[in-house]
Number of protein chains: 2
Amino acid sequence: MSDQLKQRIRIPRLRDKITDAATAAKWIKNGTTIGMSGFTRAGDAKVVPLALADRARHEPLKVTLLTGASLGGDAERQLTEAGALVRRMPFQGDPTLRAAINRGEVMYVDQHLSETVEFLRSGQIAPIDVAIVEAVAITETGGIVPTTSVGNSASFAILADKVIVEINLAHSLDLEGVHDIFIPKRRPLREPAPVLKASDRVGMTAIDIPPEKIVAIVITDRSDSTSPNLPPDEETAAIAAHLVKFFMNEVKAGRLSESLMPLQAGIGTIANAVMSGLIDSPFKHLTMYSEVLQDSTFELMDAGKMDFASGSSITLSPRKAADVFSNFTKYKDRLVLRPQEISNYPEIIRRLGIIAVNTALEADIYGNVNSTHVMGSNMMNGIGGSGDFARNAYLSVFATKSVAKGGKISSIVPMVAHCDHASQDVDILVTEIGLADLRGLAPRERAQAIINNCVAEPYRQMLKDYVAEANARGGQTPHVLEKALSWHVRFQQTGSMLPEAEVTTIKVA
Amino acid sequence: MSDQLKQRIRIPRLRDKITDAATAAKWIKNGTTIGMSGFTRAGDAKVVPLALADRARHEPLKVTLLTGASLGGDAERQLTEAGALVRRMPFQGDPTLRAAINRGEVMYVDQHLSETVEFLRSGQIAPIDVAIVEAVAITETGGIVPTTSVGNSASFAILADKVIVEINLAHSLDLEGVHDIFIPKRRPLREPAPVLKASDRVGMTAIDIPPEKIVAIVITDRSDSTSPNLPPDEETAAIAAHLVKFFMNEVKAGRLSESLMPLQAGIGTIANAVMSGLIDSPFKHLTMYSEVLQDSTFELMDAGKMDFASGSSITLSPRKAADVFSNFTKYKDRLVLRPQEISNYPEIIRRLGIIAVNTALEADIYGNVNSTHVMGSNMMNGIGGSGDFARNAYLSVFATKSVAKGGKISSIVPMVAHCDHASQDVDILVTEIGLADLRGLAPRERAQAIINNCVAEPYRQMLKDYVAEANARGGQTPHVLEKALSWHVRFQQTGSMLPEAEVTTIKVA
């Protein structure tokens, strides 16, 4: 037994549980419900799921898989291709799995990320049989120290009968201490979550379970998958600039201070780019109370702009990952990683007064937002934490490029083909064209603000024509129902939302 | 000065402020933003708004009117007919005003009821100039004791420069002590709201403002408008019976106790009838943590079924109002009335684990709910507190009769024409046909559960046909976009959602 392993598994008798992935995977039976670590590709179990996929290729093995959010690596693809997944929640982000979901082969339950363990804790969905949790160490008292995400790992381990731990040597022991594991009590004993500012620590640094629940330990040495975020481009820079200008006006109006309010940024290229845009802003002493900490968080810290960041995971580009994780002590006391029900807890989001920045797949002229379903039917990833934050935020911002597919899709449409966020939860809509401040506006006013500020020609004129026709029919939120989804239908039929006459006039981004 | 008035206005110098409604109304200038008491017809200012309407008939007077929720009496109609309303938030319930809103003449900002004062407090919407608050008394220290609702009155009075008080002698002084005025601090000083159970009192019994802000006091003697709820009928009884059976199964499964969890019931006939249905159930020691307390609350107390009810207003039928308010001390220590941002506070709703029962105008096969917009465009009342509760509840139930307009409208449609509540916020859908338990189901499974349990023929077969066609196209949430709103379009064109061939076969309820 190496000293390294002794440091990583501090209860001697637990070292007997060390085994290989295939052996550990035998604890998973056909029909098992698995709760696995992993949140936006960070801190996911690396090898047991692959061993499971191997088995599923040779024997009947169908499982329900719950995680924090999306996994990295190849796990979802291999499990899907092996036909091992019958049910998946609360989020995913793998193209192969996504295709299986959209074929109706995997039942995908797309949940608010704060709610999964509430359903489990109250027995409202089928219980977790086995938890598989990646860890940097198991402490002297059996505490499981997570790696780069907490996600739902703590509650999975607490609620499961059996726990498989993957000790990942690729993660530095420096991560120990960054986590803050606070688990709300069952009702009616539930008390306030005592987080009064982003930096408050209210829990323990490890997941506290009886060590005898650990049935197997697998040693791995594989880095997290890195972020697939694209670098900022001209449009995302324009979106960021519009938002910075808006925030500056809010400061001028006395509604915000130079430190703004705690920031949340959704996963992905656009929200990350918006945060990066704050580097060249006049704001300082920023904080984050978010779910995933991306490159922009650390860029803002490096630039001296951000004092503290609270999240549930750290997901970085290859370059930034190398930098951050090899100098983790430099950042550690300005970071905390929480269970996702706490990072996304409505109570805390409302109390702190979060500025939430999330990405819209499309929005409509009234500011309803579709975050999930391409052309209303096909799942992209999932609603994630956007609903936890948008509903309860001080200020809810949704950002999108004004067009997609080289201009063949307008991200602003007469009516969203799927609604994740009702207009009440959308205060600001911003595209590279401009920003619509929708606070205190009635629907007809929202339509004017969105069309005039966020949409480029020829879609702008097309939306004006739609509004004119709809307003003539009347209503609080006027629509021409037989045309409300016609842009989507046209795209399905012709490959473009543009009528044929307009196709030649679009300015492609 | 009568002894009665001395009891009602306990600071002698304030008695000089007593005046008539027309004089008091002069404090309101053209362009004023008014914050007025009133929540679901209860505790609204009775005479100053009518005096305002009188003035608006003879001089330019355009105001923005904020309230708790809907008003009673004739105020909204008269103000609308006089052309006095340019903007209205966060809720309304008057047919004349509704028509003006739907004609686009009044800008109506339909808000989550917990959020209006958050927007005001942070300066994100235009400030209140004058508050008009109905009260039973003004205390020795200038505290305003509200009447049958708290609504937003406390924050309106705190945030306004000037306060007009209507002392309503028709409300008994027995109401004093039932209110619990707790106002969350501004961020970043906000602390947890320390409500750990429905009966917790955490604030004061009156609205604490400097007495010098009171610019006028008007004495009135008019009862609240009573509830327009219809009595339970065969369908609402069936809906209640399905829910009682469901709750009994939850108790059997160990997920609920015989006291269930704190209950919320939306305003209106159906939710009220569902609550009444609990009278003949095996449950006991029930509690409510709701916004409006309706007849059913007191029926449950009278039947010994309910121990305590927390709300923001009391709105009763004429018969029940006479009974409750003439015997108020009988109920008083089992009641508390809170500001609506506290009755509807996401933090508390999530902490207590509310069972929320709200009414759907329509729902779709995937369990998205439209609470507000008839045929997608025309406002009915508003989203009210349904979003505050449904998003954060332990269990979110939506109830509706399966058809409307004698069968010409199906309340279950392929796609809602307006989405207030995304499918994640809808756990149970119940009609008089039956109940669909949607917890843990993927969209394709939700569609089966809803169609098979909640829909009558011929709509059931029509929905099955739609699903078959949609599933053939694929997707997580399969739709045939060109047909998704076709039922609504057909209704607009023919007066019925039924295709002509089906019109003769419908079994009308």
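Predicted model: local features only at pLDDT ≥ 70, side-chain atom pairs only at ≥ 80, totals over all residues.
**Ground rules.** Local features need pLDDT of at least 70 and side-chain atom pairs count only at 80 or more, while totals for chains, interfaces and linings use all residues. Residues are numbered from 1 along each chain as written, chains are lettered from A in the order written, and side-chain values use heavy atoms, leaving out hydrogens and water.

**Trp487(A).** I found Trp487(A) in helix H19, residues 486–494 of chain A (a helix is a DSSP run of H or I, at least four residues, numbered from the N terminus). Buried or exposed? Trp487(A) counts as buried because its relative accessibility is 5% (the cut-off is under 20%, with a 1.4 Å probe and protein chains only). Then I listed its contacts (heavy atoms within 4.5 Å), skipping neighbours within four places in sequence: they include Ser410(A), Ile412(A), Tyr459(A) and Met497(A). I also checked Pro499(A), which is 12 residues away in sequence and 8.7 Å from Trp487(A), C-alpha to C-alpha.

**Chain A against chain B.** Each side brings 75 residues to the contact. The two chains bury about 6,300 Å² between them, 50% of it on carbon and sulfur atoms (accessible area lost on being put together, 1.4 Å probe, summed over both parts). Arg350(A), Arg391(A) and Leu481(A) supply 13% of what chain A buries there, more than any other three residues.

Helix H14 of chain A, residues 346–352, gives the most to the side touching chain B, with 5 residues.

Methods:
Helix = DSSP H or I, 4+ residues; strand = E, 2+ residues; numbered from the N terminus. Buried < 20%, exposed > 50% of the residue type's maximum accessible area, 1.4 Å probe, protein only.
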